[in-house]
Amino acid sequence: MTTRLFFLSSAFLILLSACNKKENTANTLPKVTEQMATETDTLQAEETSRKESIYLFTVMPKDSSDVAFVSLSDIYPIDNEKDTLTLPNLEKMADADAQYFTFAKNYRKRFLSKTNISETDSLFVYDYAKNKLASFLVKNLKTAAMLNVYSIGDAGPYRNYDFMIGFEINKKHLNGFSDYYRNALVYVGKENPFSKERLKPISWKKIAKKDYPSKALKNNDRALLKSTIAGNTYFYKTESYQYFLQDYLDSNKTIYGRRLLVVDSKTKDVIIEKLYSQSEGTSPAPLNYENGEDSIEQWTGKLFKNKPEVVFGFEYLSFSCPSISVIDKSNEEINIQCDNRH
């Protein structure tokens, strides 16, 4: 039971946050009243996100051992219980042996083939909070299967779906990374995609509501906010962008949602917008430093070499994985493949 709780808490810490995109607006900042949120904005058509252009994964510690594990099960589905080419016959394995095991050559070959990974590729682990990068040749990494956090502690026999499949890394090669690798992103490919230009934690400053840009709400957002009122308004700026955040409060005066606008500092165009609201599986993340100096959720900056700047870290998710918003008109949202099986 203790081991299972350790993994559950580790998995919770690893899951992180997200963002989206939007169109232009006027370069003026009209007044915003404290009336109902749905009465201060006009309707606007929805936009759809394009397909993500890069696959990112997470890394997690394997209990108290010297192993860190990168699951690629999100791109290597193993739902077919009769697929004996994915995993060996689990019914013939003792429960203790089935908790975690490395692959024989034939299973590894199948895994690499189905995920389009080559032995000559590299696995890159980048901690954006520490600005640390570690890289490993795939041919030097073991491929392994590990019980997911909700199956650890259960008695066998196990099913294929109970397992995560991915790469094993020795923890000593990740010394100096964030606790539980909570701020680490993983990429597998030919070249390192991370820029290693240190990201900035967003330091929010309260501003008057009248200084929040006038920007039409999307139809779905208007419906979600119909019973809320505007709360605090926040601002942050870099050399390139201005970040505006508006709280929306429910009838109990608690935060129901937050609306983010990122504005080009020169043109005053709104580059992206995103609403983070309460739902069965989502909730707005606390703002940076609200829970102490080490409590940092929202980040921005140049994360990738060949992409514009990004922003992320605004919500908690229970049933899915966080994403990263690229700050440009492409409306690109990069999902983090976190193997969330809640």
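**View 1. Strands S14 and S15 form a hairpin with 3 residues between them.** The model is predicted: local features need pLDDT of at least 70, side-chain atom pairs count only at pLDDT 80 or more, and totals for chains, interfaces and linings use all residues. Residues are numbered from 1 along each chain as its sequence is written, and side-chain values use heavy atoms, with hydrogens and water left out. Strands (E, at least two residues) are DSSP runs, as are helices (H or I, at least four), and they are numbered from the N terminus. S14 pairs with S15 (residues 241–249) in the antiparallel sense over 7 bridges; two strands count as paired if DSSP finds at least two bridges between them. Lys237 has Gln242 in S15 as its bridge partner.

View 2. Lys205 stands opposite Phe235 in S14, and Ile207 stands opposite Thr233 in S14. In a regular strand the side chains alternate between the two faces of the sheet.

**View 3. Cys321 and Cys338 form a disulfide, with their sulfur atoms 2.0 Å apart.** A disulfide is taken as a pair of cysteine sulfur atoms within 2.5 Å, and a search of the whole structure finds 1. The pair links distant parts of the chain, 17 residues apart: Cys321 is in the loop between strand S21 (315–317) and strand S22 (323–326), and Cys338 is in the segment after strand S23 (333–337). The torsion about the S-S bond of Cys321 and Cys338 is about -90°, so the disulfide is left-handed. Both Cys321 and Cys338 are buried (under 20% relative accessible area; exposed is over 50%, partly exposed in between; 1.4 Å probe, protein chains only).

**View 4. The side chains of Ser323 and Glu333 are joined by a polar contact of 2.7 Å.** A polar contact is a pair of N or O atoms within 3.5 Å; within protein, one must be able to donate a hydrogen and the other to accept it, and residues adjacent in sequence count only if both atoms are side-chain atoms. Ser323 lies in strand S22. Ser323 is buried, at a relative accessible area of 7%.
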